[in-house]
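This briefing is written for a reader who is meeting the structure for the first time. Please look through the sequence and the model below before going on to the notes that follow.

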Amino acid sequence: MCGRYAASRGPEDLAGIFEIEKWEPEEALAPDFNVAPTKEVYAVLDRPVKDAADPKPVRQLRTLKWGLVPSWAKTPEGGARMINARAETVHEKPSYRRAFATRRCIIPADGYYEWVTGTGERELEVEGKKKRPRKQPYFVLPADGSVFAMAGLYEFWRDKTLPDDHPRAWWVTCSVITTEAETSPLAVGPEEGPHALADIHPRMPLMLTPDRWDSWLDPSRTDVEDLRSLLVPPPEGLMRAYPVSTAVSNVRNNGPELLKELEGPEEGTLF
């Protein structure tokens with residue numbers, strides 16, 4: 001899954017990486033080292049500019065809310081639960097299938113956090129002990145330091161309780177697509193702990209390599225089977241992971257110190 005990630009790159013940097021043609025300076029976000037569900041996040045998408053004479057799609061950097069609200073939802077309350085869409089079923093689930101066909105985006109990140117489900121914890125759960133031990137968080141990122149381009153979907157939802165000219169009449173929300181975690185060895189891994197992403201968690205965000213960005217964002221591609229061919233995980237051996245402070249477990253904590261690599265798991269946590 002993807003429940004927390006870091007995004008420190010600014011719009012100028014992202015514009016160069018993704019060849020952005022349009023973005024609004026007033027929508028610029030501060031670097032966020034602990035992005036959590038329901039927060040405003042950057043998303044790259046190809047879409048015609050509203051009220052423009054030319055209907056040609058334009059590569060845009062938009063600010064969306066993380067947690068997809070389907071267009072047919074009566075209220076936006078379920079958005080916080082729809083932060084992830086499974087690659088295996090995204091084409092058929094009612095909440096995601098329309099967006100998958102026509103509203104795909106890339107959600108740029110430095111990397112994502114995942115909390116290990118260790119052997120010790122599983123044993124405690126089997127024994128029925130109520131107290132859950134602290135999980136050790138890991139930061140997962142491309143080994144070469146490049147952008148982590150997460151495959152995503154976006155959707156529009158109209159708040160019918162507000163007038164058309166109200167600035168919050170329309171919600172634009174997004175979800176991250178996840179896939180099975182890699183079982184191959186990490187390009188760079190910690191001396192202690194996991195040797196593959198699957199050792200940390202069975203799911204991971206679907207990372208798109210640059211050769212698939214244009215195809216994924218192209219709104220003219222609507223054939224479901226054709227689109228499903230783009231949901232292939234990236235080549236193995238591109239990722240690294242390292243332990244970070246459990247401070248990241250509290251969403252109120254935010255700063256570059258959360259990305260500091262620890263020499264090993266924190267005392268009192270399990271792997």
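Leaving aside neighbours within four places in sequence, Arg-104 is in contact with Leu-45, Ala-99, Gly-152, Leu-153, Tyr-154, Ser-215, Trp-216, Leu-217, Asp-218, Pro-219, Arg-221 and Leu-227, where contact means heavy atoms within 4.5 Å. The model is a predicted one, in which local features need pLDDT of at least 70 and side-chain atom pairs count only at pLDDT 80 or more, while totals for chains, interfaces and linings use all residues. Residues are numbered from 1 along each chain as its sequence is written, and side-chain values use heavy atoms, with hydrogens and water left out.

- Arg-104 lies in strand S7, which covers residues 104-109; strands (E, at least two residues) and helices (H or I, at least four) are DSSP runs, numbered from the N terminus.
- Although Arg-104 is buried, this residue has no salt bridge, and the nearest side chain of opposite charge, that of Asp-218, is 5.9 Å away.
- For these terms, buried means under 20% relative accessible area, exposed means over 50%, and partly exposed is in between, with a 1.4 Å probe and protein chains only.
- In assigning charge, Lys and Arg count as positive and Asp and Glu as negative, while His and the chain ends are not counted.
- The side chain of Arg-104 reaches the backbone oxygen of Phe-100 at 2.8 Å, and a polar atom of that side chain lies 2.9 Å from the backbone oxygen of Ala-101.
- Such a polar contact is a pair of N or O atoms within 3.5 Å; within protein, one must be able to donate a hydrogen and the other to accept it, and residues adjacent in sequence count only if both atoms are side-chain atoms.

**Salt bridges**

- A salt bridge is a side-chain nitrogen of Lys or Arg within 4 Å of a carboxyl oxygen of Asp or Glu, and by this rule the count comes to 13 salt bridges.
- One of them joins the side chains of Glu-40 and Lys-65, at 3.6 Å from N to O; because Glu-40 lies in strand S4 (residues 40-47) and Lys-65 in strand S5 (residues 58-66), the pair ties together parts that are 25 residues apart in sequence.
- Glu-40 is partly exposed, with a relative accessible area of 38%, and Lys-65 is partly exposed as well, with a value of 24%.
- Another salt bridge is formed by the side chains of Asp-46 and Arg-59, at 2.4 Å from N to O, and this pair links distant parts of the chain, with Asp-46 in strand S4 and Arg-59 in strand S5, 13 residues apart.
- Asp-46 is buried, with a relative accessible area of 13%, and Arg-59 counts as buried at 9% relative accessibility.
- Glu-261 forms a salt bridge with Arg-240, the closest N and O atoms being 3.0 Å apart; Glu-261 is in the loop between strand S14 (239-243) and strand S15 (269-270), whereas Arg-240 is in strand S14, 21 residues apart from its partner.
- In this pair Glu-261 counts as partly exposed at 44% relative accessibility, while Arg-240 is buried, with a relative accessible area of 18%.

**The five-stranded sheet**

- Five strands form an open sheet in the order S3-S1-S8-S10-S14, with antiparallel pairing, and two strands are said to pair if DSSP finds at least two bridges between them.
- The edge strands are S3 (32-35) and S14, each of which pairs on one side only.
- Strand S1 (residues 5-7) and S3 pair in the antiparallel sense over two bridges, with Ala-7 standing opposite Asp-32 in S3.
- S1 is also joined to S8 by two bridges, the strands running antiparallel, and the bridge partner of Tyr-5 in S8 is Tyr-112.
- Four bridges join S8 to strand S10 (residues 137-142), again running antiparallel, and Tyr-112 stands opposite Val-140 in S10.
- Strand S8 (residues 111-115) is mostly covered, since five of its five residues are buried.

**A residue in the S14-S15 loop**

- Glu-263 is found in the loop between S14 and S15, and at 83% relative accessibility Glu-263 counts as exposed.
- The C-alpha atoms of Glu-263 and Val-44 are separated by 35 Å, the two residues being 219 residues apart along the chain.
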